[in-house]
Amino acid sequence: MRLRLICVGQKMPDWVSTGYSDYARRMPPELPLELVEIAMPHRGKNPDIPRLMQRESDALLAAAGPKDRVVALEVGGRPWTTEKLASQLESWQQDGRDVSFLVGGPDGLADACRQRADQQWSLSPLTLPHPLVRILLAEQLYRAWSITRNHPYHRA
């Protein structure tokens, strides 16, 4: 089973790449975390936001496997504790399908992404910068895995 983080945006600052990579490389070989970056369409002076969101949505969905479990990261999604995420991770592993996490651009996810999603997850009611979401998600997935294996990383 693979975990795939599919995000709108490329060319992140070094601190983002370093933070994400640190947690992604900690994941075990049987549960790799892969990053797929989707180019953000150019936003000119008067952008057509719905059209841009649709283009982003099409690219996000194309990057997810047709049989993948899709989790949309949405402010309006369900909040999960770390322990709930660990439980979800175990459930996903038993299911055996790859899991794709969708992170939209600055305007969020289009309806097509939310409709395709098997689950909608809210990391926080706060508006988080998209680069930070990559690091936060990678860390929480690693922490959830550590809980399922009684690894000492998680000390709650």
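Hi everyone, and thanks for coming. Before the tour, some ground rules: this model is predicted, so local features need pLDDT of at least 70 and side-chain atom pairs count only at pLDDT 80 or more, while totals for chains, interfaces and linings use all residues. Residues are numbered from 1 along each chain as its sequence is written, and side-chain values use heavy atoms, with hydrogens and water left out.

Let's start with the strands. Helices (H or I, at least four residues) and strands (E, at least two) are DSSP runs, numbered from the N terminus. Two strands pair if DSSP finds at least two bridges between them. Please find β1, residues 3-8, and β2, residues 33-38: they pair in the parallel sense over 6 bridges. One place to look is Ile6, whose bridge partner in β2 is Val36. Between these two strands the chain passes through helix α1, residues 14-24, and this β-α-β crossover is right-handed. Right-handed here means that, with the strands pointing away from the viewer, the path from the first strand over the helix to the second runs clockwise.

Now move along to β3. With β4 it runs parallel, joined by 4 bridges, and Val71 has Phe101 as its bridge partner in β4. β3, α3 and β4 make another β-α-β unit, also right-handed. β3 also pairs with β5 in the parallel sense, over 5 bridges, where Arg78 is partnered by Trp121.

Next, the core. A nonpolar core is a set of buried Ala, Val, Leu, Ile, Met, Phe, Trp, Tyr and Cys residues joined through side-chain atoms within 4.5 Å; buried means under 20% relative accessible area (1.4 Å probe, protein chains only). Which residues touch the most other members of the largest core? They are Leu3, Leu33 and Phe101, out of 29 residues. α5 gives the most to this core, with 8 residues.

Finally, the largest pocket. On a 1 Å grid over the protein atoms alone, a pocket is an open set of points where a 1.4 Å probe fits, with protein on both sides within 12 Å along at least five of seven lines; lining residues have an atom within 4 Å of a point. The lining has 19 residues, and Leu73, Glu74, Val75, Leu128 and His130 lie nearest the centre. The largest share, 3 residues, comes from β3.

That's my tour, thank you!

Conventions:
Buried means under 20% relative accessible area, exposed over 50%, partly exposed in between (1.4 Å probe, protein chains only).
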